[in-house]
Amino acid sequence: MSSPTAAATAPLDPRRWKALVFICLAQLMVVLDGTIVNIALPSAQRALHFSDGNRQWVVTAYALAFGGLLLLGGRIADKWGRRRAFLTGLVGFALASALGGAAVNTGMLLGARALQGVFGALLAPAALSLLTVMFTEGKERAKAFGIYGAISGGGAAVGLLLGGVLTEYANWRWTLLVNVLIAAIAITGTLMEVREPAGSHNQARLDLPGALLASGGLASLVWAFSRAESDGWGSATTVTLFVAAAVLLTLLVVVQQRVKAPLLPLRVVLDRNRGGAYLSLGMAVVGMFGLFLFLTYYLQVVLDYSPVISGVAFLPMVAGMMTGSTQIGARLMTRVAPRFLMGPGFLLASGALVILAQIKVDSSYAAVLLPGLFLMGLGMGTAFMPAMSLATRGVKPQDAGVASAMVNTSQQIGGAIGTALLSTLATSATADYAADHAREATTPTAGHLLQLQAMVHGFSTAIWWAAGILALASVTAFTLINTGHQGKDGRQGSSDEEPVLTVVH
């Protein structure tokens with residue numbers, strides 16, 4: 001391994017900024033997939049004639065594979081090398097997307113979605129860990145993570161727009177086939193421009209018991225939240241899955257303390273600042289996923305927007321995300337401690353949700369939705385970028401992949417919790433409102449209006465809860481994170497830091 005002096009004087013890869021373009025393009029593809037397919041589900045269901053029960057599995061098959069295999073994917077990236085893992089993930093994701101786009105029956109589509117999740121679990125941590133080991137100087141790291149953070153946060157909203165355009169003007173199959181085009185560009189660029197610093201691989205044997213426990217535990221947890229949304233929190237299936245997840249993840253912690261080369265070295269998550277970043281990120285995603293879910297229904301069902309116009313309606317959030325990430329977070333990250341960006345950022349996003357919770361059946365887009373969405377994006381962009389950088393800061397180069405996987409894992413679990421918990425709250429509030437005002441439905445027109453009012457009341461209630469969770473994320477960031485700014489080499493303050501190598505092969 002190179003000495004600190006050698007690492008400091010070694011030339012930086014002159015192609016690193018070109019490489020960033022293709023790394024971000026691959027990340028955009030993964031993030032897009034989280035929402036783009038949702039818009040196309042009704043069309044796909046009509047074309048392939050699958051049941052409402054199987055419709056849920058189009059989303060769940062991907063989520064289970066992706067969430068369950070992220071830690072293993074991160075460790076494989078550390079062992080194989082991030083560039084090799086990145087290319088493998090790109091090729092596999094493209095082939096799985098092509099298979100899904102060509103699906104002739106339900107089984108073929110579900111299998112393709114599961115394969116997308118498998119290769120996405122390799123691709124996502126490889127992308128973030130490439131950034132971690134390629135950009136080590138403070139100002140450059142801030143700029144690179146600002147761009148990456150904006151794409152990670154805004155990609156889901158872009159997916160809603162692109163999904164609407166492709167479904168309405170082309171065919172639902174293109175919501176999957178578009179990944180082939182994106183991946184082809186990213187693969188070509190990666191072969192030409194992406195180089196990984198030498199000496200950062202982890203040559204230890206793969207921890208198979210840890211891999212099985214992590215994959216089983218995380219998949220059980222994601223599945224439990226999925227079943228809670230559809231079957232209820234007290235159903236036998238839901239409770240069994242939560243118990244299984246608790247047992248498997250507890251065993252994982254025990255095993256990681258005993259093996260020589262753990263899948264997830266506990267030092268990665270037990271570092272106070274890194275752990276605070278993972279926790280607050282996960283909590284913030286709970287609120288953001290709930291917002292996407294409810295506002296999509298609100299725009300299309302209540303305000304009667306088309307899928308395309310609904311996607312356009314989310315663009316102010318993307319603009320806010322880009323501004324917060326690249327103009328606030330990236331500029332201040334090297335001068336301001338992370339908690340003074342993350343805390344206010346999450347708090348601003350919470351305030352934006354308070355604005356959005358004021359929605360009514362006849363709310364004005366310009367008066368309520370526009371300012372709420374822009375401020376939501378601004379707050380999340382400001383907070384996400386330093387959080388993602390902090391979550392991978394100071395780790396040994398050999399652990400960069402698994403530390404990056406933990407970022408994706410916290411977001412995946414946060415998304416699963418947000419979808420299940422907030423959907424339950426919205427459904428309950430809707431039912432209560434409808435029951436309390438049932439006597440007002442004296443005519444068919446009044447009955448339809450009551451139905452819309454009850455639905456909007458449910459959405460508003462859930463968004464209020466999401467605002468509270470984001471406020472808690474802000475408190476968590478202020479309380480747990482105590483490191484200084486991420487200036488110079490961007491690695492001060494972490495307990496397991498080692499010189500990050502910059503020798504390029």
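## Close-ups of a predicted model

**View 1. Glu 140 and Arg 16, a buried pair.** Both Glu 140 and Arg 16 are buried in this predicted model. They form a salt bridge, and their closest N and O atoms sit 2.7 Å apart. Searching the whole structure turns up 8 salt bridges.

**View 2. Glu 196 meets Arg 82.** Here the two side chains come together in a salt bridge, 3.0 Å from N to O. Again the pair links distant parts of the chain, 114 residues apart: Glu 196 is in the loop between helix 7 (174-193) and helix 8 (208-231), while Arg 82 is in helix 4 (residues 82-101). Glu 196 has a relative accessible area of 3%, so it counts as buried. Arg 82 is buried too, because its relative accessible area is 0%.

View 3. Asp 399 makes a salt bridge with Arg 267, with 2.6 Å between the closest N and O atoms. These partners lie 132 residues apart, Asp 399 in the loop between helix 15 (365-391) and helix 16 (400-436), Arg 267 in helix 10 (residues 266-270). Asp 399 is buried, because its relative accessible area is 2%; Arg 267, at 36%, is partly exposed.

**View 4. Helix 13 and its bend at Gly 324.** Helix 13 (residues 315-332) has 18 residues and reaches 25 Å from first C-alpha to last, close to the 26 Å expected. Even so, there's a bend of about 30 degrees at Gly 324. Gly 324 is one of the buried residues of this helix, which also include Pro 316, Met 317, Val 318, Gly 320 and Met 321.

**View 5. A nonpolar patch on the surface.** Val 239, Val 243, Val 247 and Leu 251 make up this patch, with about 310 Å² of accessible area together. Leu 251 sits in helix 9 (residues 236-258). Its relative accessibility is 41%, so Leu 251 counts as partly exposed.

**View 6. Met 455 and its contacts.** Met 455 is part of helix 17 (residues 444-480). Setting aside neighbours within four places in sequence, Met 455 touches Val 301, Val 302 and Thr 430. Val 308 is another matter: its C-alpha is 22 Å from that of Met 455, and the two are 147 residues apart along the chain.

Notes. Residues numbered from 1 in each chain as written. Predicted model: local features only at pLDDT ≥ 70, side-chain atom pairs only at ≥ 80, totals over all residues. Heavy atoms only, no water. Helix = DSSP H or I, 4+ residues; strand = E, 2+ residues; numbered from the N terminus. Contact = heavy atoms within 4.5 Å. Patch = residues over 30% accessible without salt bridge, like charges linked within 9 Å, V, L, I, M, F, W, Y side chains within 5 Å. Areas by Shrake-Rupley, 256 points an atom, 1.4 Å probe, with all protein chains shown as cover. Salt bridge = Lys/Arg side-chain N within 4 Å of Asp/Glu carboxyl O. Buried < 20%, exposed > 50% of the residue type's maximum accessible area, 1.4 Å probe, protein only. Expected span 1.5 Å × (residues − 1). Bend = angle between axes of the 7 residues up to and from the residue.
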